[in-house]
Amino acid sequence: MGWTSTEFAENTASRPGKVFPLVTLALLAALLAFSRDCYAVDVIAAQRLARQSACVACHSVYQKKDGPAWKDVAATYHGQADAGQRLYLHVTTGRKARFDDGQERDHPIVKTSDPKRIQNLVDWILALPVAAPVDVKAAESLARQSRCLACHAVEDKKEGPAWKDVAAKYLGSVGAEDNLYKHVTTGRKARFDDGHEERHPVVKTADPDRIYNLVNWILSLR
Ligand code: HEC
Ligand code: HEC
């Protein structure tokens, strides 16, 4: 992961006695701009902060709840240079938010004062849905570890439905995320093609962030 501007500034400022000639400063500025562009979003950390801050009570990536779907927020701000700053303020200052019932209430703020974590969450939201809705590698490895792939594949139906078809089935339906979370954690009965029912396997982790990441990955498949 690249350095954020603040980290960079702290690092350079903490070296006493160093005077940067102007040329070096210009170079630094260019470097900073560059490292910002290729700064990779930490998807798991973003989702964790969203959950810790209870944002997910009103928001999800794909579905509108009380708040807009975050992929729609990303679409609204697409290409706007100051989008990052505006959303940063939105999630840190508790400005008034207008709800569907017409009322205005203070919008909740994130439960951290670490600017890097906040920026990471905002960057993640703005990168939705194409750039980084989920950590694909982490999702795939959890699916492998949990032996889901014995019965599932992304494209093809095996004993279980193709995950692409699961995504299509739930497209736009409210609560899909929570429903699938329960499906892969509680061992509910699953009906197989031959008509028999058995408990559906559960994921081999208790970390909700990793589980939501897997579920969101499945829901993001096209
Ligand atoms: C109680 C419900 C609720 C919670 C909890 C909530 N939001 Fe919102 N959020 C809303 C509503 C409603 C809007 C639409 C506000 C408006 O358009 O005035 C919104 C809008 C947004 C937007 C879009 C802002 C814009 O300028 O378009 C972002 C981004 C956002 N919320 C992020 C978050 C984050 C991050 C958290 C967790 C700290 C969070 N929300 C928690 C209800 C909520
Ligand atoms: C022994 C075979 C088997 C394994 C292993 C298995 N599944 Fe399934 N899965 C199924 C079957 C069969 C269904 C269809 C259940 C139904 O419709 O009642 C299903 C359905 C699903 C669905 C769709 C649920 C819905 O509401 O439409 C998801 C998502 C899913 N499985 C994820 C997983 C994950 C994640 C794992 C690994 C933890 C996993 N499955 C492991 C057989 C399996």
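Modeller: Happy to! Leaving aside residues up to four places away in sequence, H59 touches K65, G67 and W70; two residues are in contact if their C-beta atoms, placed from the backbone, lie within 7 Å. Please keep in mind that this is a predicted model, where local features need pLDDT of at least 70 and side-chain atom pairs count only at pLDDT 80 or more, while totals for chains, interfaces and linings use all residues. Residues are numbered from 1 along each chain as its sequence is written, and chains are lettered from A and ligands numbered from 1 in the order in which they are written.

H59 sits in the loop between α3 (43–52) and α4; helices (H or I, at least four residues) and strands (E, at least two) are DSSP runs, numbered from the N terminus. With 18 other C-beta atoms within 10 Å, H59 is partly exposed, a class between buried (20 or more such atoms) and exposed (12 or fewer), again with C-beta atoms placed from the backbone. The C-alpha atoms of H59 and A69 are 5.9 Å apart, although ten residues separate the two along the chain.

One of the residues that H59 touches, G67, is also among the closest to ligand 1, together with S53, C55, C58 and A97. In total, 24 residues surround ligand 1, each with its C-beta atom, placed from the backbone, within 6 Å of the ligand. Two or more of them come from each of α4, α5 (83–93), β1 (96–98) and α6, and α5 gives the most, three residues. The shell has 16 nonpolar, six polar and two charged residues, where Ala, Val, Leu, Ile, Met, Phe, Trp, Tyr, Cys and Pro count as nonpolar, Asp, Glu, Lys and Arg as charged, and the others, Gly among them, as polar.

W70, V73, A74 and Y77 in α4 meet I125, L126 and A127 in α6, a contact of seven nonpolar, no polar and no charged residues. The axes of α4 (residues 70–77) and α6 (residues 115–127) are 7 Å apart, at an angle of about 80 degrees. Axes are lines fitted to C-alpha atoms, for helices over the stretch in contact, and angles run from 0 to 180 degrees between N-to-C directions. The two helices, α4 and α6, are therefore roughly perpendicular, the word for angles of 65 to 115 degrees.

Definitions and conventions. Parallel < 35°, antiparallel > 145°, perpendicular 65-115°, else oblique.
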